[in-house]
Amino acid sequence: MSHFPLTPVRLGALVLSFLFACALTAQSFRAVAPFTNENGKLLTEVSINGIKGRFLLDTGAPTCVSHSFAQKAGLSLGETLRGSDSNGQSVATQLVTIPALQFGDATFTQLQALCWEKGNPTEAFIDGIIGYNLMQLGTSIFDLRRQRFTFTTDTRPHNPEAERYALPLLGGKAYPYIPIRFEGQPADTVMFDSGAADFYEMSTRRFARLSPADSLGVRLLAKGTGVLSMGAAGIERPSEKHRLLISSLALAEAKFHNVTSITTSANDSRIGSELLTHGIVVIDYPQRKFYFLPYTPDSIPDLYVKEWDVVITVTDGHLTAGMVWYEQLPIRSGDRIVAVNGQRFDKVDLRTAVTQGLFAMPGDTATITFLNPRTQREERIEIGRR
C-alpha cells in the first residue's frame with residue numbers, strides 16, 4: 001500500500017445541515033463527465049459562472065471551492081463555519097451559494113457549498129470538490145475503465161443480475177455507508193470515500209475492538225507512529241498506526257483475498273477509489289442502494305500490496321519520513337529526506353507530489369539519505385519493501 005504521494009485531500013465531517021439542495025432537486029437530469037485518475041484522485045472539469053476548474057469527485061466530503069477559485073468565479077463569501085477535515089483536525093470555511101455550476105451536460109443552480117480559507121494547502125492541486133450534498137440528488141455511477149462519471153435522476157431498475165451485488169446504504173443520507181464482511185462474517189461498516197485512494201482503511205476504533213478470539217482473519221503485520229495523509233487542515237498529527245492483513249473481505253457477493261490495510265485515525269473505516277480498478281460503483285441515493293459490479297465476477301483478486309519500511313511524504317515543501325514501520329532503523333518519523341536512490345531533492349512541488357509522484361522506486365530495495373537531527377549529519381540507509 002503506497003502512501004507517497006500523499007493521500008488525496010478530503011474535507012469531511014462538516015455540518016451538513018448548512019448545505020441545502022439546489023434548484024435541480026425536483027427536475028430530471030443526466031450529466032456525463034469524463035474524469036482522470038491521478039494517483040487515485042478522480043479529477044473532472046467543472047465550470048462555475050463560466051470559470052473552469054479542476055474538481056475532485058469525493059463522496060466523503062461536501063461540495064467545496066478554494067478561496068482563489070471563489071474569487072475568480074466572483075462568488076460572495078458568507079457565514080464562517082468551523083468543522084473538521086478527514087483527519088479530525090479543525091478547519092475554517094465560509095458558506096457560499098453557487099449561482100450556476102456546469103458539470104457534464106447539466107447546470108445546477110443555487111447550490112450551497114463551502115469555501116476553504118485563503119492559503120489552504122488544497123489549492124496546490126485542486127480548485128474544489130464535487131461532494132455528497134450534490135450527489136445525493138440522484139444516482140452516481142463511477143466507471144474507471146471508461147473514465148466516465150454519470151450523475152442522473154434516472155431510477156429505472158438495474159439489471160436484475162446486478163441485485164446480487166447490491167448493498168443497503170446505511171445511516172443518514174449524507175455519506176454512503178455500506179457493510180462489509182471478513183471471513184464471511186459481518187465485520188465493519190465503511191464509508192465509500194471516492195476521495196480516498198487506498199482500497200480499505202480500518203479505523204483505529206474498529207481495530208481496537210478486535211481480539212485474538214474474534215480476529216475475523218485479521219493479522220497484524222507491523223505498527224509504528226507517524227503521518228501518512230493530508231486533510232483540508234494540512235498534514236495530520238502523528239499517531240500510532242497498524243499495518244494489517246485481512247485474509248478475506250467481501251462486499252455483497254464480490255470477494256477479495258489478502259487485503260492489506262493501514263489503520264486511520266478518522267472516525268470511520270473507509271473504502272477508497274482503488275475499488276474502482278475492480279469494477280463499477282453505482283450509488284443510488286434515492287433508493288438507498290449501493291452496487292459494486294465487478295469486471296470479473298468469478299475471480300477473487302489477491303490485493304496484497306508490499307509496503308516500504310519508510311513511507312515518504314511531503315512536509316513544508318520537503319521530503320520527509322512520514323511513517324517508519326521498523327524501530328531498528330536509525331531514521332525517525334519527521335526526519336527530512338534529501339536523496340532517494342542517489343537523486344537529490346531540495347524543495348518539492350506539492351501538486352506534482354500528490355497527483356503524479358516525484359520519483360520511481362522500482363524493486364524491493366532502495367537507498368535514502370536523510371538528515372539525522374540526533375547526530376547533526378547526513379546518513380544513508382537501505383530500506384526494503386515487504
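**Surface, then strands**

Guide: The protein exposes about 15,900 Å², of which carbon and sulfur atoms supply 49%; accessible areas come from the Shrake-Rupley method with a 1.4 Å probe, and for residues only the protein chains shown count as cover. This is a predicted model, in which local features need pLDDT of at least 70, side-chain atom pairs count only at pLDDT 80 or more, and totals for chains, interfaces and linings use all residues. Residues are numbered from 1 along each chain as its sequence is written, and side-chain values use heavy atoms, with hydrogens and water left out.

Visitor: How many helices and strands does the protein have?

Guide: Helices (H or I, at least four residues) and strands (E, at least two) are DSSP runs, numbered from the N terminus. The protein has four helices and 28 strands.

Visitor: What is the strand order in the open sheet of four strands?

Guide: Two strands pair if DSSP finds at least two bridges between them. Here the order is β26-β25-β27-β28, with antiparallel pairing. Since β26 (343-344) and β28 (377-384) are edge strands with a single partner each, one side of each is left without a neighbour in the sheet. Two bridges link β25 (residues 337-340) to β26, and A339 stands opposite R344 in β26.

Visitor: Which residue takes a positive phi in the hairpin of β12 and β13?

Guide: E183 does, with phi near 50°, in a hairpin that has two residues between the strands. Six bridges pair β12 (residues 177-182) with β13 (residues 185-192) in the antiparallel sense, and R181 stands opposite P186 in β13. Strand β12 also runs antiparallel to β18 (residues 239-251), joined by two bridges; there, F182 has L249 as its bridge partner.
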